[in-house]
Amino acid sequence: MALTFTLDPAFDRALHDGIIELWADVTDAGGAVGFVPPADAEEIRPELLKHLVSIVEGRTRLLVGRDEDGSVAATAFLALNSHRLMTHWIWLYTVMVHPRHQGRGHGRELMAAAADAARGLAGVEAIRLTCRGGTGADRFYASCGYKEVGRVPGAIRVTDGDDRDDIIMLFPLHGQSSAPVPRPC
Ligand SMILES: CC(C)(COP(=O)(O)OP(=O)(O)OC[C@H]1O[C@@H](n2cnc3c(N)ncnc32)[C@H](O)[C@@H]1OP(=O)(O)O)[C@@H](O)C(=O)NCCC(=O)NCCS
């Protein structure tokens, strides 16, 4: 079943709770979205609040994917640059698909929707993101057309003795198709 993506959804309590739940479930399933298991909603809430403040200030756009029940199943946050010399590209943060929906092409659809959203932003030419080494996320992003442009060795300390590379990836918006590659069901 396809997810339905909405850019800049109306933000209410249900959406807030849905994102927290998604973030916690993704963390507990081993997803590299800023936390380590076991997820703590009270730790996640301030991070969501930071995104919300940025949304209210017009610096961030929220992309949400909902499943057939209307539950929050995927997110990505598109953050504009405040640096005057870097306004021609944006950051993409907190890319996640709920574990029960992973592995069915929804991640690639989410990235295509993010690229479409970015193309709608005046003057934006590229999307940049970082991901945690050793998770396979770089292979996922590469399958969506992103290229590794840099790597900081051992920059992410998941736990003592488990340092991971911080991988920087870039997607040029022009001349790249945002259409998801069809996959067999
Ligand atoms: C990463 C994530 C968004 C991918 O979503 P998804 O719906 O499972 O991905 P898709 O089904 O669209 O997969 C697209 C392609 O990426 C590959 N892929 C997806 N996740 C992968 C992983 N962890 N490692 C390697 N390849 C992966 C798939 O095999 C597929 O390739 P294929 O078409 O050649 O078979 C999802 O797994 C997720 O939310 N993970 C936890 C959160 C996270 O770590 N996010 C990244 C933050 S940097």
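Here are some friendly notes on the fold, the ligand shell and the core of this structure.

1. A word on the model. This is a predicted model, in which local features need pLDDT of at least 70, side-chain atom pairs count only at pLDDT 80 or more, and totals for chains, interfaces and linings use all residues. Residues are numbered from 1 along each chain as its sequence is written.

2. Seven strands make an open sheet of mixed pairing, ordered 1-2-3-4-5-7-6. Strands (E, at least two residues) and helices (H or I, at least four) are DSSP runs numbered from the N terminus, and two strands pair if DSSP finds at least two bridges between them. Strand 1 (4–7) and strand 6 (147–159) each have a single partner strand, so one side of each lacks a neighbour in the sheet. From one strand to the next, the twist averages 25 degrees.

3. Strands 5 and 7. Strand 5 (residues 126–132) pairs with strand 7 (residues 162–172) in the antiparallel sense over seven bridges. Within strand 7, M169 is the bridge partner of L129.

4. Helices on the sheet. Helix 1 (residues 13–28) packs on the sheet and touches strand 3 (72–79) and strand 4 (89–97), its direction making about 95 degrees with that of strand 3. Helix 2 (residues 41–56) also packs on the sheet, touching strand 2 (60–66) and strand 3, and its direction makes about 120 degrees with that of strand 2. Contact here means C-beta atoms, placed from the backbone, within 7 Å; axes are lines fitted to C-alpha atoms, for helices over the stretch in contact, and angles run from 0 to 180 degrees between N-to-C directions.

5. The ligand shell. The ligand is surrounded by 22 residues, the closest being G31, Q102, G107, C131 and G136 (a residue counts if its C-beta atom, placed from the backbone, lies within 6 Å). Strand 4, helix 3 (106–119) and helix 4 (137–143) are the elements that give two or more residues to this shell. Helix 4 provides the largest share, four residues.

6. The core. The largest nonpolar core has 41 residues, and L63, L78 and A114 have the most contacts inside it. Such a core is a set of buried Ala, Val, Leu, Ile, Met, Phe, Trp, Tyr and Cys residues joined through C-beta atoms within 7 Å. Helix 3 gives the largest share, seven residues. Among the residues that L63 touches are F5, L78 and A114.

7. T130. This residue sits in strand 5. T130 is buried, because 20 other C-beta atoms lie within 10 Å (the cut-off is 20 or more). Beyond its neighbours within four places in sequence, T130 contacts D166, I167 and I168.

Key
Contact = placed C-beta atoms within 7 Å. Buried ≥ 20, exposed ≤ 12 C-beta atoms within 10 Å, placed from the backbone.
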